[in-house]
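Please look over the sequence and the model shown here. The briefing that follows is grouped by topic.

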Amino acid sequence: MTWRERLSNLDAMFLDLEDRAAHMHVGSVSIYEGSTPPYDELVALIASRLDRVPRYRQRLAFVPLGLDRPSWVDDPDLDLEYHVRHTALPPPGGAEPLKRLAGRVFGQQLDRGKPLWEMWLIDGFAPNRFAILSKAHHCMIDGISGVDLATILHDAARDDTAPPPPAQDRRWAPRPPPTGAELALQALRGRVTHPVSLAMDALHPSTPGRRKLRELVAGVKPLLGISQLGPAPDCSLNRPVGPHRRWDMASLDLAAVKQVRAAFGTTVNDVLLAVISGALRELLASRGERPRGDLRALVPVSVRAPEARNTYGNQVTAVFCPLPIGDADPVVRLQSVSRAMRGLKEGRQAVGALALTHLRGFAPPTLAAQAARLAVSSRWFNVVVTNIPGPQHPLFLLGHRLVECYPAVPLAANQTIGVALLSYDGRIGIGLLGDADLARDLPVLARAIPEDLRDLTARAAAS
């Protein structure tokens, strides 16, 4: 049998959620100092380090008749010049044309017949500045593994030397992909042996199967709590989206966030969720909306163990956090968020969500896909807010310092805005992805985020 690696339950879910309007890729827009490096040097750098990220030279192999989850296989036709692209903004450049370009690129679905990633080198952003836009399918990476990838492609110190060609002993020899018949046969065999192997794993104290069984049992009670949440409040954040996207950015000072955290005895994540709550309050008020009750955010939580750093695929669960947009006072909002997050941790809601992921593995792939789409369409949440911790030291690409980085989180079928935050070198970059038609006022949200933090910082200084 030829080599293959099957998608995990969670990775396959992100593939299942994708349709012509809901693109399930994550990404980022990064700003660098200096003039744009030669395109050939960027391609050569990626080629020299691709052996450290083998997932980026693999494509999906789909099992005939949907009998099993797809598998990762080596792509013998990998063409880096397809995946690494070069473009320029129209003069005079600046943030607005960069945002328009990012919206168009994030609105284009990745080709499932090729490795599921792209990188765009962008000229003409500003004097002594250039940009790189990257995107990869969510079935490949989560936020933490995306940061790990960035650290592999970047250097911790400035190095202006050109990247060397791959060493002879590191030249890649792709393994032959399995045939459709082999994939189908292995899927059918798995349908017979899976219950038996699961039972054997459960009896052995050190196997992944035993660990997952324990997580499933531990998650039963929290899972029941999740099932009783009911739908999130109805508002314009939840409408059927089209395939086109709009993009905006905001930036916060991490020191200011920590000042607020210390003054009010919360966490950095609490402060950021409270700031997003205030900004969403401003956005909906500008639309003439007053939703009944708190909004509900889906907040991803990493379960990636330290020894699993620099591995790929998704190792996340989630909690559903109330966003108290009804409170006019930013400190009251912060305290409400802090209490809610403490309650979610004590109630082990993330454990219940993890159990839900494991339960998906017992269903046939087609039923699991339908269940994933139904869950999203049921409006369990209004918005996704993901907070990714990044390195707190400068990174360099081809000798150019990374100045700012703004992450992107995909939109589900009925979710018009997604919010992603990334801390890096003393700043927090916030990427805002919206439906092109239903989020035309995305700049309102981008402006409201730093304004809300300024209000909290002033209150913290006065306390």
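**Charges over a ring**

K114 lies over the face of Y82, at 4.8 Å from the ring centre, where a charge sits over a ring if NZ of Lys or CZ of Arg is within 6 Å of the ring centre and within 35 degrees of the ring normal. The charged end of R85 also sits over the ring of Y82, 4.6 Å from the centre of that ring.

This is a predicted model, in which local features need pLDDT of at least 70 and side-chain atom pairs count only at pLDDT 80 or more, while totals for chains, interfaces and linings use all residues. Residues are numbered from 1 along each chain as its sequence is written, and side-chain values use heavy atoms, with hydrogens and water left out.

**The chain overall**

- The chain has 14 helices and 15 strands, these being DSSP runs numbered from the N terminus (helices are H or I with at least four residues, strands are E with at least two).
- Of the 463 residues in the chain, buried residues make up 52%; buried means under 20% relative accessible area, exposed means over 50%, and partly exposed lies in between, with a 1.4 Å probe and protein chains only.
- Among the contacts in the chain with a separation of 6 or more, 81% are accounted for by residues 24 or more positions apart, a contact being defined by heavy atoms within 4.5 Å.

**Aromatic pairs**

- The structure holds 5 aromatic pairs, counted where rings of Phe, Tyr and Trp (its six-membered ring) have centres within 6.5 Å, with planes under 30 degrees apart called stacked, over 60 edge-to-face and the rest tilted.
- One of these is the edge-to-face pair of F320 and W380, at 6.0 Å centre to centre and with 75° between the planes.
- F320 lies in strand β10 (residues 316–323) and W380 in the loop between α13 (365–377) and β11 (383–389), so this pair ties together parts that are 60 residues apart in sequence.
- F320 counts as buried at 9% relative accessibility, whereas W380 is partly exposed, with a relative accessible area of 28%.
- The rings of F320 and F381 have centres 6.5 Å apart and planes at 35°, so that pair is tilted.
- F381 counts as buried, at 11% relative accessibility, and F320, W380 and F381 form one aromatic cluster.

**Helix packing around α9**

- The axes of helix α9 (residues 254–264) and helix α14 (residues 442–462) come within 9 Å and cross at roughly 45°, the axes being lines fitted to C-alpha atoms over the stretch in contact and the angles running from 0 to 180 degrees between N-to-C directions.
- That angle makes α9 oblique to α14, given that angles under 35 degrees count as roughly parallel, over 145 as roughly antiparallel, 65 to 115 as roughly perpendicular and the rest as oblique.
- The crossing of α9 and α14 is left-handed, a term used if the near helix is turned anticlockwise from the far one by less than a right angle, with right-handed used if clockwise.
- A256, V257, Q259, V260, A263 and F264 of α9 make the contact with L453, L456, T457, R459, A460 and A461 of α14.
- The axes of α9 and helix α10 (residues 268–286) likewise come within 9 Å, but cross at roughly 105°, and α9 and α10 are therefore roughly perpendicular to each other.
- On the α9 side this contact is made by V257, K258, V260 and R261, and on the α10 side by V268, V271 and L272.

- L397 is found in strand β12 (residues 396–397) and counts as buried, at 4% relative accessibility.
- Not counting residues up to four places away in sequence, L397 touches Y32, L42, L45, I132, L153 and H154.
- The C-alpha atoms of L397 and R158 are separated by 8.0 Å, although these residues are 239 residues apart along the chain.
- L398 lies in the loop between β12 and β13 (400–408), has a positive phi of about 55° although it is not a glycine, and counts as buried at 10% relative accessibility.

**Other backbone features**

- D425, in the loop between β14 (417–424) and β15 (427–435), has a phi near 50°, a positive value in a residue other than glycine, and counts as partly exposed at 27% relative accessibility.
- The peptide bond from P91 to P92 is cis, with omega near 5°, and P92 has its place in the loop between β5 (84–88) and α4 (95–106).
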